[in-house]
Amino acid sequence: MNSFALLVFVLAVGAGSVSASLQHYIVEKSFNQAQAECAEYQGVHADDLLRYVKEGYPDVEEVRCLLRCVAFNLRFWNHTTGLQKHMIAGHFVPYPHDFHNVERTEACLAENLYTCDDDLCTQVYKAFQCYYQHYGALSECPQFVVNTYLEDKQLAYDLFGMLAVTHPTLQHLAGGCFPSGEESLCFFYSFVTRSGLYSVEDGAKLERLYYQYHEEVFNPNNAKTVACLQNQKKLACKKTTCQQAYDTFQACFGESQGLEYLLHTVFVDAAKDFLGQPVCHCTSRKSCNLHNSYGL
């Protein structure tokens, strides 16, 4: 191998390593990390927290409300639909050879339905205890924390500025016309990469996608989806990075609500908001200090 070829190889490997280690807009957090944060927010003393954990989270108000905080912190509970089973399960590791943990957990949840008299702390506490007692041991590994709609919209809004997305492309996005050209494809690639749902090295991140959207098509165990993603990787050599990212989502997740949500809710709303900001028409004689000048 000549020196130039070796340099190219080293740079390519290095670029892949850097890409894999970038933070982007990705949050991963363990149960213990979220618990420590909530203990600080709610003024739970360190000695008390250790005792609560040792005693298996006793049924007292401070513990119940600590767990409510953890649930919202890790997003396995929300005000709209309550418990997110697929998310809380990710924070527990089933015991070896325990093949009935899910059934026992479901039975426990059915037996401990919330009542009209239960406050939110109690509702969360009852659900948590079903997983804590029946599903498995609490995991020490960080798990992906899903984005809310407002975070997704802000992420898109930020990328418009970071990528200097042109006015025509913004207008197409605001009108729900996607894709409208290479620039829109590269915006899509940047969005799914920055949000941790895709990478050049790995392609679509099924586990995170399943956490985020909870549709069967994103299930890592979905054989049809896995086969589709493998086929898309075989076609990558003939496409640009941006085209490959979009084609992967369109081919394998084209009928999903998750993709529909991104293209026709998040991108549309973010572009409309962005276009509503003052636009600077810069000239050679006068420069404008507005934060989002396009030079149109």
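This is a predicted model: local features need pLDDT of at least 70, side-chain atom pairs count only at pLDDT 80 or more; totals for chains, interfaces and linings use all residues.
A disulfide joins Cys 108 to Cys 130, with a distance of 2.1 Å from S to S. The protein chain has 14 helices and 8 strands, and 43% of its 296 residues are buried. The points below cover the disulfides, two further cysteines, one glutamine, some aromatic pairs and the chain as a whole.

**Disulfides: overview**

- A disulfide is a covalent bond between the sulfur atoms of two cysteines.
- The count for this structure comes to 5 disulfides.
- With the bonded cysteines counted along the chain, the disulfides follow the pattern 1-3, 2-5, 4-6, 7-9, 8-10.

**The link of Cys 108 and Cys 130**

- This disulfide is left-handed, because the torsion about the S-S bond of Cys 108 and Cys 130 is about -75 degrees.
- The pair links distant parts of the chain: Cys 108 belongs to helix α6 (residues 101-111) and Cys 130 to helix α7 (residues 120-134), and the two are 22 residues apart.
- Cys 108 and Cys 130 are both buried.

**The link of Cys 38 and Cys 69**

- Cys 38 is joined to Cys 69 by a disulfide, with 2.1 Å from S to S.
- The angle about the S-S bond of Cys 38 and Cys 69 is -80 degrees, and the link is left-handed.
- Distant parts of the chain are linked by this pair, since Cys 38 is in helix α2 (residues 31-42) and Cys 69 in helix α4 (residues 61-73), 31 residues apart.
- Cys 38 has a relative accessible area of 0%, so Cys 38 counts as buried.
- Cys 69 is also buried, because its relative accessible area is 15% and the cut-off for buried is under 20%.

**The link of Cys 228 and Cys 252**

- The sulfur atoms of Cys 228 and Cys 252 are 2.1 Å apart, and the two residues form a disulfide.
- The link of Cys 228 and Cys 252 is left-handed, with -95 degrees about the S-S bond.
- Helix α12 (residues 223-234) holds Cys 228 and helix α13 (residues 241-253) holds Cys 252; the pair links distant parts of the chain, 24 residues apart.
- Both cysteines of this pair, Cys 228 and Cys 252, are buried.

**Cys 177 and Cys 237**

- Cys 177 has a relative accessible area of 40%, so Cys 177 is partly exposed.
- Cys 237 is exposed, because its relative accessible area is 68% and exposed means over 50%.

**Gln 244**

- Gln 244 is located in helix α13, the helix that also holds Cys 252.
- The relative accessibility of Gln 244 is 8%, so this residue counts as buried.
- A polar atom of the Gln 244 side chain lies 3.0 Å from the backbone oxygen of Gln 232.
- Leaving aside residues up to four places away in sequence, Gln 244 touches Tyr 198, Gln 232, Lys 233, Leu 235, Ala 236 and Lys 239.

**Aromatic pairs**

- The whole structure contains 26 aromatic pairs.
- One of them is formed by Phe 178 and Phe 188; this pair is tilted, with 5.9 Å centre to centre and 45 degrees between the planes.
- Phe 178 lies in the loop between α9 (167-174) and α10 (182-194), whereas Phe 188 lies in helix α10, so the pair ties together parts that are 10 residues apart in sequence.
- Phe 178 is buried, with a relative accessible area of 14%, and Phe 188 is buried as well, at 0% relative accessibility.
- The rings of Phe 178 and Phe 267 also make a tilted pair, because their centres are 6.1 Å apart and their planes are at 55 degrees.
- This second pair links distant parts of the chain: Phe 178 in the loop between α9 and α10, and Phe 267 in helix α14 (residues 257-275), 89 residues apart.
- Both Phe 178 and Phe 267 are buried.

**The chain as a whole**

- Of the contacts in the protein chain with a separation of 6 or more, 66% are between residues 24 or more positions apart.
- The accessible surface of the protein chain is about 16,300 Å².
- Carbon and sulfur atoms account for 55% of that accessible surface.

How values were computed
Residues are numbered from 1 along each chain as its sequence is written. Side-chain values use heavy atoms; hydrogens and water are left out. A disulfide is a pair of cysteine sulfur atoms within 2.5 Å. Helices (H or I, at least four residues) and strands (E, at least two) are DSSP runs, numbered from the N terminus. Buried means under 20% relative accessible area, exposed over 50%, partly exposed in between (1.4 Å probe, protein chains only). A polar contact is a pair of N or O atoms within 3.5 Å; within protein, one must be able to donate a hydrogen and the other to accept it, and residues adjacent in sequence count only if both atoms are side-chain atoms. Contact means heavy atoms within 4.5 Å. Rings of Phe, Tyr and Trp (its six-membered ring) pair if their centres lie within 6.5 Å; planes under 30 degrees apart count as stacked, over 60 as edge-to-face and the rest as tilted. Accessible areas come from the Shrake-Rupley method with a 1.4 Å probe; for residues, only the protein chains shown count as cover.
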